[in-house]
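Please open the model in your viewer and keep the sequence panel beside it, so that selections can be made by residue number.

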Amino acid sequence: MSTLAVILIATAAGSLLSLLLAAILALSARPHWVPVLVSYAIGALLGASLLEVLPEAVELATETGGGVGMVAKALLFGILLFFLLEKLVLWRHCHQEVCEAHGSHEHGHDHGRAGLMITVGDTFHNFVDGVIIAGAFLVDFRLGVVTALAIIAHEIPQEIGDFLILLNSGYSRTKALLINFLTGVATIFGALLGYFALKMLEGWMPVLLGIAGASMLYVALSDLIPGLHRRAELGATLQQLVLIGLGIGTVALVGHFIGHGH
């Protein structure tokens, strides 16, 4: 099977899987499940970034003579870039039933404002995810699988949050599901662009992987972890730590059993 086919299958399956699970959970009215998924997603993102993506970037940079400094600069640039992008679209990931950035469910519909912001932000974010997945597969098959796994783990709670926000903005369940599906398609377009553009930019792979690692770290540390602090009791903290550990462990196990090689 060609690398392009693997990339397209991974992105399409990931988008459909996250959308289906999000729809099932959201329609089942189980918003209290979202924090559990968020904790697992944090572990998957941290594990993928720090155990796989960034070490691979350093390895490639060393081979090309760039060294750790090149990856560190790319990481710093990536963090600032994602901070700026979040500011520009005025949108933050929302994983709670009550979300400061988009208003509360208790306050009624917001005439579609939050729905519009979430759609624009999610479309762009999914497009970037597609580019990241393609870049990872072009470097190494194992890295691609681990990256896709981390992104899917993050997409599920994100899609649930988006779905609830769209419903709060006055969209019907069918329309909210359709919008989430269309934003998911952006992942495939991002993967296609990533495959064809990155083929011509192989020397930039350490930098691009550094930015990809920054994306995962930024989402985990800036968008997801602060939400966990809303539950400060010991039991909740222990549960969060276990689930984060499970997310990290999943990435480590997948990386170990798949092994290197394209």
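Helices here are DSSP runs of H or I with at least four residues, strands are runs of E with at least two, and both are numbered from the N terminus. The model is a predicted one, and the helix numbers used at each stop follow this scheme.

**The whole chain**

Followed from the N terminus, the elements come in the order α-α-α-β-β-α-α-α-α-α. If you switch to a surface, the chain exposes about 12300 Å², and carbon and sulfur atoms supply 72% of that area. Of the 262 residues, 50% count as buried. Among contacts in the chain with a separation of 6 or more, 85% are between residues 24 or more positions apart.

**The largest nonpolar core**

Next select I42, L45, L209 and L224, which touch the most other members of the largest nonpolar core, a set of 50 residues. Each of helix 1, helix 2 (34-63), helix 3, helix 4, helix 5, helix 6, helix 7 and helix 8 supplies at least two residues of this core. Centre the view on L45 and show its surroundings: with neighbours within four places in sequence left aside, L45 is in contact with A150, H154, M216, V219, A220 and L224.

**The largest pocket**

Now turn to the largest pocket, whose volume is about 340 Å³. Its lining is made up of 20 residues, and selecting V128, V131, I132, L208 and I211 will highlight those closest to the centre of the pocket. Colouring the lining of the largest pocket by class shows 18 nonpolar and two polar residues, with no charged residue.

**The second largest cavity**

The structure holds three cavities of 30 Å³ or more, and the next stop is the second largest cavity, which contains about 80 Å³ of space. Helix 1 (3-27), helix 4, helix 5 (141-168) and helix 6 each supply at least two residues of the lining of the second largest cavity, with the largest share, five residues, coming from helix 1. By class, the lining of the second largest cavity has four nonpolar, seven polar and three charged residues.

**Two single residues**

Select N126, which has its place in helix 4. Is N126 buried or exposed? N126 has a relative accessible area of 1%, and is therefore buried, since buried means under 20%.

Finish at Q240, found in helix 8 (residues 234-258). Because its relative accessibility is 8%, Q240 counts as buried. Showing the contacts of Q240, again without residues up to four places away in sequence, brings up S39, L228 and R231.

Conventions: Residues are numbered from 1 along each chain as its sequence is written. This is a predicted model: local features need pLDDT of at least 70, side-chain atom pairs count only at pLDDT 80 or more; totals for chains, interfaces and linings use all residues. Side-chain values use heavy atoms; hydrogens and water are left out. On a 1 Å grid over the protein atoms alone, a cavity is a set of points where a 1.4 Å probe fits but cannot get out, and a pocket is an open set with protein on both sides within 12 Å along at least five of seven lines; lining residues have an atom within 4 Å of a point. Grid points are joined across faces, edges and corners, and a volume is the space filled by probe spheres set on the points. Ala, Val, Leu, Ile, Met, Phe, Trp, Tyr, Cys and Pro count as nonpolar, Asp, Glu, Lys and Arg as charged, and the others, Gly among them, as polar. Buried means under 20% relative accessible area, exposed over 50%, partly exposed in between (1.4 Å probe, protein chains only). Contact means heavy atoms within 4.5 Å. Accessible areas come from the Shrake-Rupley method with a 1.4 Å probe; for residues, only the protein chains shown count as cover. A nonpolar core is a set of buried Ala, Val, Leu, Ile, Met, Phe, Trp, Tyr and Cys residues joined through side-chain atoms within 4.5 Å.
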